[in-house]
Amino acid sequence: MSRSNVLWVDKNTLSKDISGKVYIVTGANSGVGLETTRLLVKQGGHVIMACRRPDAAEEAAKSFTGLKGGYEVMKLDLADLQSVRPFVDEFLRKYDKLDALVCNAGLVTFGSEIERTKEGFEMAIGVSYFGHFLLTELLLDVLKKSAPSRMVIVSSVVHAGSKQNRPNVDLDDLNFNTRKFNNFAAYAEAKVAVVLYAMELAKRLEGTGVITVSVHPGWARSNFGGNSLVMRIMRVMMVPLRPFITDSNEEAAQTSLHCLLFDDVPDHSGAYFSQSSVLYRDKECRNGGWPMTSPNPNARNMDTAKKLVNLTYELVGLNK
Ligand SMILES: NC(=O)c1ccc[n+]([C@@H]2O[C@H](COP(=O)([O-])OP(=O)(O)OC[C@H]3O[C@@H](n4cnc5c(N)ncnc54)[C@H](OP(=O)(O)O)[C@@H]3O)[C@@H](O)[C@H]2O)c1
């Protein structure tokens, strides 16, 4: 059963033959990433499944048997920047084009202690933003060479917050080195960072034929939150309401698929695209929109976006 107002990719887009096109999807072994991959493979695409657990990806990909396109699993741990460069090197050795990059992987942590990536970034922003930033920047040349091409980065409704509390990136302390750690605040800030990055990169890539967008996929019945106690309790409590407010992973993959394949998306480079979602605290946003305006002014601030990106170059060890 689907919620009544799920946004679905239109039939023409779903019947496009994308044989010969090459995609990278991060976090492709599970949830929204797995279903995004399946939909691309179904239409003939070749997807590089960029995953930190290659065995899990190979296992998940067994379910693609009989679909028109193909896939290859390659190891990528976004919590370790030293894993990003070898991934890109291997990709560039094997492929000379990239039609789209889907920066989908992400997580929220649940321990009381802050978790950090190998480089010391707070884990949620480290994976969703810093890891994807380095990956994207290292792939920009091949994306440009393959233009028209696209980069889709997965954010969350959580970036929007509420009228009383709009999350923002803290440019003086992106990684909670001095502030008191809060896992939900960290996740929200990570998802503001990716909306800002899509916006800034779109501006930088104007005229190149490469477009970038950010996405809220919906409330997916994925493995998000893993087996943490909080998530297990929430899943049990949610059982009666699940069909009315949450989405299957296929439904949650619709927004990314639309952004990857729909003809008019290049007219909206830098924009935020959202599945409908009861989770918006701003009621007027609940129908979602492809694209829609984020209700969070902090996620629309180009000045913050530029400062964030300049800082990130230094933090991930890239020259501008
Ligand atoms: N579920 C929702 O309702 C919801 C709502 C809004 C936004 N989102 C976003 O949607 C995206 C997909 O999440 P999902 O719901 O599909 O959850 P999921 O089933 O838990 O999938 C998350 C994926 O990210 C991967 N990942 C985590 N850390 C990684 C790392 N260090 N390196 C590489 N990959 C890593 C996971 O790999 P492992 O399997 O190895 O852990 C998994 O493949 C995330 O960005 C999430 O923030 C989800």
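Which residues does Ser 274 touch, not counting residues up to four places away in sequence? Here is a short tour that starts with the answer.

1. Ser 274 touches Leu 7, His 216, Thr 255, Tyr 280, Gly 288, Gly 289, Trp 290 and Met 292, leaving out residues up to four places away in sequence; contact here means heavy atoms within 4.5 Å. Its side chain also makes a polar contact of 2.7 Å with the side chain of Tyr 280. A polar contact is a pair of N or O atoms within 3.5 Å; within protein, one must be able to donate a hydrogen and the other to accept it, and residues adjacent in sequence count only if both atoms are side-chain atoms.

2. Ser 274 belongs to strand β7, residues 272–274. Strands (E, at least two residues) and helices (H or I, at least four) are DSSP runs, numbered from the N terminus. Ser 274 counts as buried because its relative accessibility is 0%, where buried means under 20% relative accessible area (1.4 Å probe, protein chains only).

3. A word on the model: it is predicted, so local features need pLDDT of at least 70 and side-chain atom pairs count only at pLDDT 80 or more, while totals for chains, interfaces and linings use all residues. Residues are numbered from 1 along each chain as its sequence is written, and side-chain values use heavy atoms, without hydrogens and water.

4. Now to the ligand. It is surrounded by 28 residues, the closest being Asn 29, Ser 30, Arg 52, Tyr 187 and Ser 222; a residue is included if one of its heavy atoms lies within 4 Å. Helices α2 (31–42) and α6 (183–204) each supply at least two residues of this shell.

5. A polar side-chain atom of Ser 222 is 2.5 Å from a ligand oxygen, and a backbone N or O atom of Asn 104 lies 2.7 Å from an oxygen atom of the ligand. The protein covers 94% of the 890 Å² of accessible area that the ligand has on its own (Shrake-Rupley method, 1.4 Å probe).

6. Finally, the largest nonpolar core has 62 residues, and Ile 24, Phe 87, Phe 91, Leu 98, Tyr 129 and Leu 139 touch the most other members. Such a core is a set of buried Ala, Val, Leu, Ile, Met, Phe, Trp, Tyr and Cys residues joined through side-chain atoms within 4.5 Å. Helix α5 (123–145) gives the largest share of this core, 13 residues.

Notes
Buried means under 20% relative accessible area, exposed over 50%, partly exposed in between (1.4 Å probe, protein chains only).
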